[in-house]
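These are my notebook entries on a structure that I looked up.

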Amino acid sequence: MARLPHLDITSLFFYQVFHVPLEERKYKDMNQFGEGDQAKVCVDIMHKTGAHLELSMAKDQGISIMVSGKLDAVMKARKEIVSRLQTQVGSALGCRTYSGLRLEVKKSQHKYVIGPKGNTLQEILDRTGVSVEIPPPDSSSETVILRGEPDRLGQALTEANSYTVSSVSAPSWLHRFIIGKKGQNLAKITQQMPKVHIEFTEGEDKITLEGPTKDVQMVQSQIEAIVTDLVSRMDYAEISVDPKFHRHLIGKGGANINRIKDQYKVSVRIPPDNEKSNLIRIEGDPQGVQEAKKELLELASRMENERTKDMIIEQRFHRAIIGQKGEKIKEIRDKFPEVIINFPDPAQKSDIVQLRGPRTEVEKCTKFMQKMVAEMVENSFSVSVPIFKQFHKNIIGKGGANIKKIREETNTKIDLPAENSNSEMIIITGKKVNCEAARNRILAIQKELANITEVEVSIPSKLHNSLIGSKGRFVRSIMEECGGVHIHFPTEGSGIDAVTIRGPAEEVEKARKQLLSLAEEKVSHHSELRAKPEYHKFLIGKGGGNIRKVRDSTGARIIFPTAEDKDQELITVIGTEEAVAEAQKELEALIKSLDNVVEDNMLVDPKHHRYFVARRGQVLRDLADEYGGVMVSFPRTGSQSDKVTLKGAKDCVEAAKKRMLEIIEDLDAQVTMECVIPQKFHRSIMGPKGARIQQITRDHNVQIKFPEREDQQGKHLQSHCFIDPAAPKKCDVIVLSGRKERCEAAVEALKALVPVTIEVEVPFELHRYIIGQKGSGIRKMMDEFEVNIQVPAPDLQSDIISITGLSTHLDRAKEGLLERVKELQAEQEDRALRSFKLTITVDPKYHPKIIGRKGAIITTIRTEHDVNIQFPEKNDENQDQITITGYEQNAMSARDAIQAIVDELEEMISEDITLDSRVHARIIGARGKGIRKIMDEFKVDLRFPQSGAADPNLVTVTGRPEMVDEAIDHLLNLEEEYVSERGEAMPETHTNYKQIVLL
């Protein structure tokens, strides 16, 4: 321990203060203070004595003189002052003597003299009356001055020198443990000894203590005790690891290093990247330090042996490999825990997946992922199947049954377009062979439902682009014109001439002729012109009449934009050069005339006004759509005016006027007609979402109104009125409005939709097979033929099945039902043939051999001969009876196969040998590998004794005689070899037995 500070006393000086009252002053001139004779005398005294004089004026006009210097100089100066500056009247000079000390103290130690907030200086002053002067912090001076009475200077010097600086030896790595978590340990010490300053210097194996001597001694003893304890139970180790591996040792989010810290209860310091240091320091429990060191070195060694590999995997597969919520990639990482798999950010559009880890593990993971990707590629084959929109519901089936079955049985993904979409394409994704199978099944459903045919037309591939047209417009117009047939051109550049057309036979033929005709004409010219979208319907005309005239007269094809096209004004003309020019000329003239807006009037009876403006003017909107946006204005409701105004293109106004007159004529000729159909059939007549009734309304241009439903209490009947029993019920009467002939046609159409019931005779015993499991069979037939099939209750045991539906569907449904009956009868006959049984008697001891290991032999016999073979149960009386069921011929063949095995088994013999039990385990081998090899090689069966057997050395060998002998020789040779390796003699009994066998 060192005393603080190392005080160097450079000089000891004294000073005295004298006071000379005014009346005793020799020089009293007030204006000459500090000047004149008095000043000269003071300077002379300083020269003579070597003391230093300082004069000051007191309030009583006396002067105070401070003399400082060495003691003898101060005494001499005092005599001079008395004799030269004071009159003789004064008896004695009033004075007080003070001493001073100058000390040289290192600048760095001044703070210890000052103390916290100047406390030490104040304490010295309070106790001794001595002031201590410290040079300011910005001064370079190291001189400290003590001023006070001479007898007090010693005490003050002792006080100033009572602070101590001491140090405690402590390895720098222990410093943070001494300080404690968040400085807890150190806080306890400093709270007890607040005057002691404790300083830890990084990299130094010591702790510096500064403060009052006693306090420092107490703190030092406490810290030394802590250090002794820590050194006894803690250790550290340093390892060198290449900085490039540091972040891998740390792990993602510090996972690796935190695990090691928690597991081994140690602290691990890995230098930050900017230090570029190899040194990793581990501190803590000695055993934990060694174990953590071992694991970190192993990890580092593994990383040195690891490799990084980039795999090229198309980005479209990344999400599938990762899986929903990362489930699939987690499985891969669990399978290869040492391999780190990094996928690129989706925004990077990169195909590179990085694998890092031990070389062998990376290679295994690479192969696994390559196989996985190959399967994905194989399963990502896609094919589009065009299916007519009306058949999509049949493809789906009731409750999705059909589509679900196809998906499951072909292991494919099948996507159908949305119900409100115009697309007819069904997308199938999966393995190519599976996609083809699913495609064929879907096409087969369509073929069953309609007269669908497929033909190929040979058209030179160089003409394909011209026939397809810009963005497929030309071929699309042909498909629409020919009833929505599907026309498929081969891939561009393939050089294939075959074009496939699929659809109803008549429409396919029509499309085929058009394609061939256009190919002969070598259509290669096209032009474009523009017209307002509202003119298009008028240009096309009702049923395409207007545009057909242009095509017939010019030979060119005119294509209007579809709803999906962005440019709704663009009209394309395709054909030969002459035909295109002529058609364009005609169309331009028509369009120009449409731009000529006129206004015209017509008279319409007010009684018909309501028809045109009803339903928010639906009829007027239809007129505007069809006739180039013509505007029709009716007089206000309530006015009796019959004047109606039409405004638009001249031709459109004329056409709209003509159409309105036709409507008025229909209204004048309108009749109301009743059609009586029992209410129970109304829902069926309407069809799904009223589709059937809407079709009749459109086809016959009539209005149809269904009655309200009759409730169970018959609220529609008036109890007080007489009801004619012959009169139809109000709830059965459907009212039609329109022209007479159209209403009559609509009535016939409605009656045709009334379901009809027919009866089909089907043997009762087949009913449950027709119904199928949970009704699946009968539901499939009802969905397929769009009928209702009623099977009688089982307790009736009736053979009659009722089919209800549209008359057009009944014949197909009946035919389908009878076809199913034939299939079931054929299955019954087949079941009868397959139920032939025969029994073979076999000694039970041979049963395990016939069954074989894990049932391998009996399974082979069952599969090869397509039979069922039943062995007796444990409790059966006839334990030697094996039953074979199947076709008679197959059953006979299976019996012969079993008999052949039995014959071979009966030729076998069993021999018991004594084999040293100590070598049994070695002969059997790991997981029975050794014994299986012997049994396969010699075609024998070996039975070793179970634990606790009477004779633990007894082994049974079973097989053909010659093979048994060879197997026994082999076993005894192995025994001799194994025993000799142990350095023991062969048992006497073994040698004798071997000699007997050899004889």
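Entry 1. Does Lys-854 count as buried or exposed, and at what relative accessibility? I worked from a predicted model. I found Lys-854 to be exposed, at 80% relative accessibility. I located Lys-854 in the loop between α32 (847–851) and α33 (856–865). I then looked up the backbone and noted a positive phi of about 55°, although Lys-854 is not a glycine. Most residues other than glycine have a negative phi.

Entry 2. I looked up Lys-774, which lies in the loop between α29 (767–771) and α30 (776–785). Its phi is positive, near 55°, and Lys-774 is likewise a residue other than glycine. I recorded Lys-774 as exposed because its relative accessible area is 76%, where exposed means over 50%.

Entry 3. I examined helix α21 (residues 533–540) against helix α23 (residues 577–594); their axes come within 11 Å and cross at roughly 125°. The crossing of α21 past α23 is right-handed. I listed Tyr-535, Phe-538 and Leu-539 on the α21 side of the contact, and Leu-590, Ile-591 and Leu-594 on the α23 side. The residues of this contact comprise six nonpolar, no polar and no charged.

Entry 4. I checked confidence: the mean pLDDT of the protein is 81, and 89% of its residues reach 70 or more. The pLDDT is below 50 over residues 1–9, a stretch with 41 contacts in the model beyond near neighbours in sequence. Residues 985–999 also have pLDDT below 50, with 19 contacts beyond near neighbours in sequence.

Key: Residues numbered from 1 in each chain as written. Predicted model: local features only at pLDDT ≥ 70, side-chain atom pairs only at ≥ 80, totals over all residues. Heavy atoms only, no water. Axes fitted to C-alpha atoms, helices over the stretch in contact; angles between N-to-C directions. Helix = DSSP H or I, 4+ residues; strand = E, 2+ residues; numbered from the N terminus. Left-handed = near helix turned anticlockwise from the far one by under 90°. Contact = heavy atoms within 4.5 Å. Nonpolar A, V, L, I, M, F, W, Y, C, P; charged D, E, K, R; others polar. pLDDT = per-residue confidence, 0-100. Buried < 20%, exposed > 50% of the residue type's maximum accessible area, 1.4 Å probe, protein only.
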